[in-house]
Amino acid sequence: RSLPKPSPGNPAEVQMELGLSSFAKGDLKAAEAAFTESLRLNPGLVGSMVGMAGVAAKKGDTGQAESYFQKALAAVPQDPAVQRSWSRYLASRQRYGEAEASLKKAIALAPRVAALPQTELGDLYLIFLNKPADALRLYRAALTTDAGSGPAHYGAGSALSAIGDYAHAEVEFAAAERAMPGDPMPIQARGVVYMMQKRYPAAAQSFTRALALRPDQVYWLMARAEAYEALGAENKASQDYEACLRVDPKYAPAYVKIGVIHQLHDRFAEAQKAYQSAISIDPKQALAYNNLAFGLAERKERLDDAVKWANKAVELAPESPQFQDTLAWVRRARGELDQASLILEKATTLKPAQAEVYYHLGIVYSEQRRTAEAGNALKKALAMGSLANAEDARQRL
């Protein structure tokens with residue numbers, strides 16, 4: 001929207017503006033009609049060429065999109081705004097090298113007002129090319145050009161967060177919030193930074209402020225719920241997970257989280273219902289399969305279903321020590337101790353190492369009367385310092 005406002009009484013530019021407005025609302029049919037009329041009145045109007053390219057891209061007609069972009073670039077090869085639009089299209093097509101070249105050209109064409117293309121190049125490096133250090137350099141260059149640029153501050157905060165510099169990321173997100181009052185994105189981003197620092201009260205507060213501006217954001221509700229869980233406020237967490245499902249009844253991760261809370265409080269019937277809802281929506285919810293299987297193994301119920309679900313979780317995430325542990329625990333519940341010990345031995349080689357795997361291995365070894373090996377496994381479990389069943393492990397040892 002860096003294009004000039006329509007001249008009063010200029011019908012072609014008025015139609016172009018109508019097309020831009022319709023495009024922003026997602027009404028591609030109206031946008032295409034307006035841009036077509038604009039180009040009928042003035043075939044050289046570059047803004048409408050770019051608009052038609054955008055409509056074609058949204059419709060998946062890449063040939064027409066590129067044709068209109070090429071016409072626009074030929075008409076105004078020195079226009080940085082057209083270069084930026086072209087680069088965004090190229091990035092959407094995963095043509096990142098060409099997108100980078102186009103943004104660099106936009107910067108070179110107008111170096112004194114280059115904050116926008118510098119910021120967009122930073123976004124390209126950060127989001128698509130996973131180069132946060134290069135992105136940060138571009139965001140800082142943009143801030144040298146325009147110290148009050150909210151998007152550049154936001155980008156700098158995102159890059160700093162990506163490299164683990166949370167203290168400076170927080171400063172940049174705060175600057176972005178001041179520069180973009182009413183925009184919830186920097187507020188939400190600060191919440192994420194607080195979560196990474198385990199500052200859960202501050203995180204919950206930031207997420208609440210962001211949700212006051214955009215209450216329909218499922219991911220933000222999930223983030224606040226996780227902050228509440230970390231604070232031990234499970235009722236509030238559950239309310240947020242339920243709110244996620246009111247926004248999007250097909251959001252499987254919320255069902256999984258609800259299931260976890262029920263299972264932690266030994267409400268396994270309710271947990272099963274939540275997990276099975278998640279699986280029915282998304283058959284790749286590995287944690288739902290795993291937790292169903294573990295709950296059944298603990299209760300020694302429906303063990304044929306348990307082994308099926310445990311195997312499914314391992315199939316979806318074969319390198320997860322937790323899922324291998326569950327499969328072994330199901331095998332133990334079925335009396336298959338040899339298979340259980342082999343699976344647990346494999347699980348001890350996977351990262352991250354988990355105390356519960358060694359604890360379960362110690363139990364299985366003990367039941368196999370492999371006393372010395374059981375003792376060694378239990379000692380390793382206790383040495384890790386994170387075992388929930390530490391007292392039981394000490395008694396067994």
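Reader: In which loop is Pro352 found?

Author: Pro352 sits in the loop between α20 (337–347) and α21 (355–367). Helices here are DSSP runs (H or I, at least four residues), numbered from the N terminus. This is a predicted model: local features need pLDDT of at least 70, side-chain atom pairs count only at pLDDT 80 or more, and totals for chains, interfaces and linings use all residues. Residues are numbered from 1 along each chain as its sequence is written, and side-chain values use heavy atoms, with hydrogens and water left out.

Reader: What kind of peptide bond joins Lys351 and Pro352?

Author: A cis one, with omega at about -5 degrees.

Reader: Which residues have the most contacts inside the largest nonpolar core?

Author: First, the idea. A nonpolar core is a set of buried Ala, Val, Leu, Ile, Met, Phe, Trp, Tyr and Cys residues joined through side-chain atoms within 4.5 Å. Buried means under 20% relative accessible area, exposed over 50%, and partly exposed in between (1.4 Å probe, protein chains only). Here the largest core has 47 residues, and Val330, Tyr359 and Leu387 have the most contacts inside it. Another core, of 44 residues, lies apart from it; Ala56, Leu73, Ala99 and Leu124 are among its members.

Reader: What does Tyr359 touch?

Author: Contact means heavy atoms within 4.5 Å. Leaving aside residues up to four places away in sequence, Tyr359 touches Leu378, Ala381, Leu387, Asn389, Asp392, Ala393 and Arg396.

Reader: At what angle do the axes of α16 and α17 cross?

Author: Axes are lines fitted to C-alpha atoms, for helices over the stretch in contact; angles run from 0 to 180 degrees between N-to-C directions. For α16 (residues 268–281) and α17 (residues 286–299), the axes come within 9 Å and cross at roughly 150 degrees. So α16 is roughly antiparallel to α17 (angles over 145 degrees count as such).

Reader: Which residues of α16 make the contact?

Author: Phe268, Gln272, Tyr275, Gln276, Ala278 and Ile279 do, and they meet Ala288, Tyr289, Asn291, Leu292, Gly295, Leu296 and Arg299 of α17.

Reader: Where is Gln94, and is it buried or exposed?

Author: Gln94 is in the loop between α5 (80–92) and α6 (96–109). Its relative accessibility is 61%, so Gln94 counts as exposed. Gln94 is not a glycine, yet its phi is positive, about 65 degrees.

Reader: What about Lys198: where is its place?

Author: Look in the loop between α11 (185–196) and α12 (200–213). Lys198 has a positive phi of about 60 degrees, though it is not a glycine. Lys198 counts as exposed because its relative accessibility is 62%.

Conventions:
Helix = DSSP H or I, 4+ residues; strand = E, 2+ residues; numbered from the N terminus. Parallel < 35°, antiparallel > 145°, perpendicular 65-115°, else oblique.
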